[in-house]
Amino acid sequence: MNSQTRNIQYFLFSQDFSDGVRITLAALLPAVLFAQLGELTTGITLSTGAVCISIIDTPGPVVHKRNGMLYGNLVIFLVALLTGFARFNAWTLGLEVLALSFLMTMLNVYGNRAASLGSAALLVMILNMEQPLTPAEVVMHSGLILAGGVWYMALGLVLFRVLPYRPAQQALGECIHAIANYLKLKAAFYRIRTDLDDDYRKLVAQQVIVSEKQDAVRELLFKTRQIVKESNATSRRLLLTFVDVMDLYEHITATYYDYEAIRNQFGHTGILEEIASLIDLIAAELDNIGFAIQANHSFRSRSNFLERLEHLKSRIDAVGEQEQGTSNLVLKKLLVNLRNLTQRLTDVLNYFNAKSETIPTRHTEVEYMRFVSHQDYDLKVLRDNLTFSSSVFRHSVRLMLASGVAFLIAKLLFSGNHSYWIVMTTVYMLKPAFSFTKERNYQRIVGTLSGGAIAGVFLLLTSDKDLHFFVMLIFMVLSYSFQRRSYVVYVTLMTPFILIMLSFLGLNYLDIAEERIKDTVVGCIIAFSAGYLLFPSWEYEQLNDYMRDVLKANISYLQKLAEGLAGKPVVLTEYKLVRKDVFVSSANLAAAFQRMLSEPKSKQRSNEDVHQFVVLNHILASNIATLTSSLMAKEPTEQLMEGIRAVRRALSVLGASLKKFDPTTKIAEPNMGEILPYSEATGRRKANLSSDERQLLEQLEFIQKVSSDIGRVTDAMLEVTTKPKQLQAVVDSELH
């Protein structure tokens with residue numbers, strides 16, 4: 001099956017498509033039913049309430065969704081009421097636009113769901129700005145919006161009761177799909193014709209996607225008590241599969257080699273292409289498992305990995321015999337890693353065929369909750385952010401001023417029936433970071449022009465109202481399905497849906513299309529200008545914080561390795577928490593770097609150095625993971641003093657780099673017990689070490705080298721003038 005077909009299947013069984021169908025049903029049903037009763041206006045008002053509450057219905061635990069929608073219904077009712085009375089005077093309406101733009105945006109300090117509540121409130125305000133209501137009709141209109149919101153909430157909660165595990169299955173399936181794509185990118189490293197630097201860029205970009213998917217699964221699984229209590233086979237399967245998939249992902253990331261050296265040594269033999277093909281096959285198998293979970297159907301493997309692995313072993317042995325004077329040890333290590341990877345796949349697959357009573361329970365609810373963040377809703381959080389040092393506060397002020405300008409322009413310069421589209425475009429196109437604002441503006445304009453053209457051609461070619469309704473329904477489902485997946489596709493599909501819907505109301509669709517395009521362009525210009533001119537937020541200003549977090553996470557990761565080397569037991573839960581921090585911080589830095597590249601050249605800093613920093617930390621984390629997981633699987637052995645010293649040197653260099661980002665940072669010493677100072681009595685020469693010990697020491701020395709490279713890149717980025725001797729003095733002082 002080709003990747004395009006698989007992607008379509010994933011989409012049709014995804015949470016996004018399910019949400020698109022649900023939102024369409026909730027929004028369309030009231031309008032259609034009341035239209036049959038001759039009360040289309042009432043139905044549209046109910047649909048408006050449903051659409052506004054759908055904004056708050058973001059993926060997450062059902063209790064969070066329920067609470068968010070409850071508060072959302074209260075807020076949209078009050079905002080609709082306030083706007084209904086404020087619109088009788090342009091001054092009071094303008095003041096409301098300013099006040100609510102600021103207050104609702106400040107809700108971002110409470111996380112994504114609170115931010116979506118603020119977005120829903122602003123949408124209600126904007127949609128009611130041009131409603132020709134009398135004072136007596138305002139309360140009824142607001143009540144209908146509330147009823148529409150309650151209807152959507154009730155529908156969503158009922159569907160959850162019927163299918164309580166579907167959101168978690170869909171999220172887990174998409175997470176596995178992202179990891180499978182990550183593994184496919186790893187296969188490219190063994191293809192001699194690809195550019196390694198480009199391979200790393202793609203890999204880091206995919207790591208961002210994997211991290212987002214993992215966070216979504218954690219939120220759904222670990223914050224849903226019905227699942228973490230592990231009360232039945234389905235919940236236990238979901239939990240154990242995710243835990244094992246995370247271990248599998250670590251194994252994939254931990255597989256690092258000197259790819260350039262491997263290509264130079266073995267590229268001409270053809271063995272690397274066979275390795276890449278086998279990795280592709282494993283990735284396809286993982287993808288099939290992910291789809292089976294997402295679609296909630298059984299799956300049995302048809303791949304014979306044992307036969308492929310035996311064939312690869314024979315080829316590796318043959319290469320070793322043919323290439324005299326060249327060791328094929330690295331190829332044998334690759335074979336071992338591939339065997340481990342296929343075994344982990346088998347373990348995951350066995351959960352599908354296991355009987356309910358044989359599925360084990362591994363962790364407690366308390367342990368699971370340590371892997372998710374918890375939002376503080378204290379009023380103090382809001383007060384602490386009422387300062388220009390807060391990015392949320394700056395964005396709130398920026399949005400308040402931009403929406404005020406958009407309101408004035410809409411009132412003074414444009415007299416169309418839908419001039420509120422200017423305010424709507426401005427509010428929703430202006431993002432906290434300029435890179436997001438730029439991207440969204442471009443996507444909005446392209447999507448609006450494309451969608452307007454599609455709607456115009458369609459409406460010109462046919463006047464069949466039944467066909468219009470059917471096509472509008474398709475556009476509606478697909479647009480809501482893509483609102484979180486691809487914004488440009490969402491706008492491209494949303495524009496014809498809106499134009500066809502307005503044509504049902506007897507309005508001239510060509511005039512409406514012209515007005516929508518014009519208002520969109522004006523709103524985008526305002527948003528873009530505000531994002532660039534009003535105390536903008538540039539990504540390079542945040543990079544130091546992201547790099548600091550990556551260094552902290554890798555230092556903690558390396559400390560776990562140091563404890564394992566010293567013979568100290570490494571607690572599995574603690575290790576996985578540190579591992580999670582490494583994955584998340586690395587993904588955050590990579591995402592910030594990608595955003596910076598989309599900003600003006602004058603606002604970019606040290607692109608090559610930052611890229612090097614990202615790649616080096618990826619390599620460092622991969623090697624730490626390889627050694628730590630290996631140590632955890634073995635019994636403690638005699639301490640390898642020179643290896644421990646290499647780790648301590650690496651920690652010292654990383655600590656020195658971290659302090660350059662944050663001089664106040666205090667680095668905890670690893671739990672290594674009493675380590676004897678190195679001497680000829682305690683140390684052993686490499687010649688006296690076993691092959692496993694030599695290999696371990698070489699990897700530890702490589703970690704030390706990578707840490708030193710990170711230190712040099714850090715110096716280059718921060719333009720540190722410290723000479724190498726001074727840096728060595730810092731390292732030596734830490735060691736002694």
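1. Basis of the reading. The model is predicted, so that local features need pLDDT of at least 70 and side-chain atom pairs count only at pLDDT 80 or more, while totals for chains, interfaces and linings use all residues. Residues are numbered from 1 along each chain as its sequence is written, and side-chain values use heavy atoms, with hydrogens and water left out.

2. Helix α11. Helices here are DSSP runs (H or I, at least four residues), numbered from the N terminus. Helix α11 covers residues 233-254, and at 1.5 Å a residue its 22 residues should span 32 Å, which agrees with the 31 Å between its end C-alpha atoms; the expected span is 1.5 Å times one less than the number of residues. Of the 22 residues of α11, 20 are buried, so the helix is largely enclosed by the rest of the structure. Buried means under 20% relative accessible area, exposed over 50%, and partly exposed in between (1.4 Å probe, protein chains only).

3. The side chains of R579 and D247 meet in a salt bridge at 2.8 Å, N to O, the term meaning a side-chain nitrogen of Lys or Arg within 4 Å of a carboxyl oxygen of Asp or Glu. Because R579 lies in helix α25 (residues 572-597) and D247 in helix α11, the pair ties together parts that are 332 residues apart in sequence. R579 counts as buried at 4% relative accessibility, and D247 is buried as well, with a relative accessible area of 16%.

4. Salt bridges elsewhere. A search of the whole structure finds 30 salt bridges. One of them joins the side chains of R485 and D16 at 3.2 Å, N to O; R485 lies in the loop between α21 (465-481) and α22 (487-504) and D16 in helix α2 (residues 15-36), so this pair ties together parts that are 469 residues apart in sequence. R485 is partly exposed, with a relative accessible area of 37%, whereas D16 is buried at 11%. Both residues belong to a network of salt bridges that links D16, D19, R22, D57, K65, E174, K213, R484 and R485.

5. D199 and R263. The side chains of D199 and R263 also meet in a salt bridge, at 3.5 Å, N to O. This pair links distant parts of the chain, with D199 in helix α9 (residues 196-222) and R263 in helix α12 (residues 259-266), 64 residues apart. D199 and R263 are buried.

6. Aromatic pairs. Rings of Phe, Tyr and Trp (its six-membered ring) pair if their centres lie within 6.5 Å, and planes under 30 degrees apart count as stacked, over 60 as edge-to-face and the rest as tilted; by this rule the count comes to 22 aromatic pairs. The rings of F613 and F661 have their centres 6.3 Å apart and their planes at 75°, so the pair is edge-to-face. F613 is in helix α26 (residues 607-632) and F661 in helix α27 (residues 641-661), 48 residues apart, and both are buried. Elsewhere, F102, F388, F393 and F535 form one aromatic cluster.

7. A point to check: what is the nearest side chain of opposite charge to E599? E599, placed in the loop between α25 and α26, is buried yet has no salt bridge, and R595, the nearest such side chain, is 6.7 Å away.

How values were computed
Helix = DSSP H or I, 4+ residues; strand = E, 2+ residues; numbered from the N terminus. Lys, Arg positive; Asp, Glu negative; His and termini not counted.
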